[in-house]
Amino acid sequence: MNIPRRYLLAMVLPVLLLELAPLFALVAVPAGGHNGALLSARQLQLLGRSALLSGSATLGALLLGVPLAFCLLRRSFPLLLCCLVPFFLPPYLQAMIWPRLFDQLLGETLAGAAIPPMAQAVWIFTLAYTPIVILLAIAGLRGLDGNLIAAARLARSSSATLFRVTLPAILPNLAAAAILVFVFCLVNFEVPDLLGFKVYPVEIFIACSAYYDEKGAMLLAAPMVGLTFLLIALLARIMRGKTYLAAGDGDLAADSRRLAPAHLLPLFYILAAVILPLAGIVQQASPTPAAMAGAIDTGGEALFFSLTTSLAAAALATLLALPLAYSGERGGEIGRRLIDTAALTPLALPPLILGLGLIRLFNRPWLDWLYNSTFFFVLALAVAHIPFAMKILAARLRAIPVCLEEAALLATGSRRRTATAILLPLLSPGIFTAMVTVFVLTLANLGIALLVLPPGRETLPLKLYNYLHYGALETVFRMSILLVLASAVTVALFILPARGRKQA
């Protein structure tokens, strides 16, 4: 490790404290003197319903994502990218359009009877979070030893090799993917709320937005956060020493034919998760030039605010994630475990609770200058998305041999020069990827904006959500087009030059 431990500790400790602060705020809520301290029978039922919904969606994402990973392992990059698009398409947009698509495809009467809200939520979550399974499964497959697979094929049939060797070998990656999907589904309140399906996170949202009961919301969240935190800690243990992203070709193309047709399944997924929802949004929006001009006039200011705050949050999250990623990859084993578990904590917190925790931390008279500023919102977005940036940077760091750093340090005799002239240029693809990923995710964020935004300021997702409850559906879908276009243009501006440099 070329950076002294005291410097790493000075950089890492404030970031970890910032990430853990909402959890500390939740633990510090006094349990006595409040009727909501103990869960009622109704709330226990809602918690069980949330777990059932999350488990069903997790199973669906695994059943769809694992075959897709095999299919995409040796396919072109554009096809893989298209299958990852649904993760960047906000689930609440899917929840707005899919009930209308079901009505058109099956008829309003049949759709209402045959597809209850819970089934719709499972479908939407499955489509939205299957990319997580794809990425982690591909990382596991590319990390396998091709010679081991080839030897297994000599002794057994391809099917036996697949189910007795390949799948058991990537089981940790699949378990990690299942945990992430389960947690993301469990803490999501937007999709069930838009579908009119009562689950536990909606109960927390009602306590926040309708009753302004901060203490009650924190107490309600405690059992769910306890569960999700244990799952995230298990995730960190399962993926210890493994990467969430990996480069390489693998030697498993023959196995993909055993699971699904190599072309049809990705095309079906792209049709269901990307083409149909986007086509439905465009159809509902009726985007004539005059109508889109009106949408820009209505949501333009909110869109500009979203773009600027998301760009700032992406830069801040990537900057804060750099020391975490470096310490996790280059530090000692014990420190790596602690950092990995603590840095993933924001994933265990529902956005509303993360926002409430930061509010409890910064709502102090001597911090009014920060609490009432736009930077507080940027900080909240950055803290919520540091885990994504950290894992992308860690994957890139793992691809950089330590011997390069050591050789550069011997040649220059300067740690600062080694970091700026050698390490950062090698890390630059990961830095840009982390920034773009966090930018797109924060651009679509709704939960944190509902609580943390100062009065008089509004992001485009928040404006969408408000207009949806006013019943202005055409305006909502037109502004949704603006949100999707902003994300698509950002990704395109990053990917096209990167691909051009790679081909050159």
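**Aromatic pairs and a helix crossing**

F87, F88, F125, Y129, F184 and F388 form one aromatic cluster. The model is predicted. Across the whole structure, a search returns 12 aromatic pairs. One of them joins F87 to F388. The pair is tilted, with 6.3 Å from centre to centre and 50° between the planes. It links distant parts of the chain: F87 belongs to helix α3 (residues 77-88), F388 to helix α20 (residues 374-398), and 301 residues separate them. Both F87 and F388 are buried.

F205 and Y465 make an edge-to-face pair. Their ring centres lie 6.3 Å apart, and the planes are at 80°. Here, too, distant parts of the chain are linked. F205 sits in helix α11 (residues 200-209) and Y465 in helix α24, 260 residues apart. F205 is buried, as is Y465.

Helix α24 (residues 460-470) also packs against helix α15 (residues 289-330), their axes coming within 8 Å and crossing at roughly 140°. The two helices are therefore oblique to each other. On the α15 side, the contact involves T298, G299, A302, L303 and S306. These meet L460, P461, K463 and Y467 of α24. By class, the contact residues comprise 5 nonpolar, 3 polar and 1 charged.

Neighbours within four places in sequence aside, T345 contacts E19, L20, L23, F229 and I232.

Definitions and conventions: Residues are numbered from 1 along each chain as its sequence is written. This is a predicted model: local features need pLDDT of at least 70, side-chain atom pairs count only at pLDDT 80 or more; totals for chains, interfaces and linings use all residues. Side-chain values use heavy atoms; hydrogens and water are left out. Contact means heavy atoms within 4.5 Å. Axes are lines fitted to C-alpha atoms, for helices over the stretch in contact, and angles run from 0 to 180 degrees between N-to-C directions. Helices (H or I, at least four residues) and strands (E, at least two) are DSSP runs, numbered from the N terminus. Angles under 35 degrees count as roughly parallel, over 145 as roughly antiparallel, 65 to 115 as roughly perpendicular and the rest as oblique. Ala, Val, Leu, Ile, Met, Phe, Trp, Tyr, Cys and Pro count as nonpolar, Asp, Glu, Lys and Arg as charged, and the others, Gly among them, as polar. Rings of Phe, Tyr and Trp (its six-membered ring) pair if their centres lie within 6.5 Å; planes under 30 degrees apart count as stacked, over 60 as edge-to-face and the rest as tilted. Buried means under 20% relative accessible area, exposed over 50%, partly exposed in between (1.4 Å probe, protein chains only).
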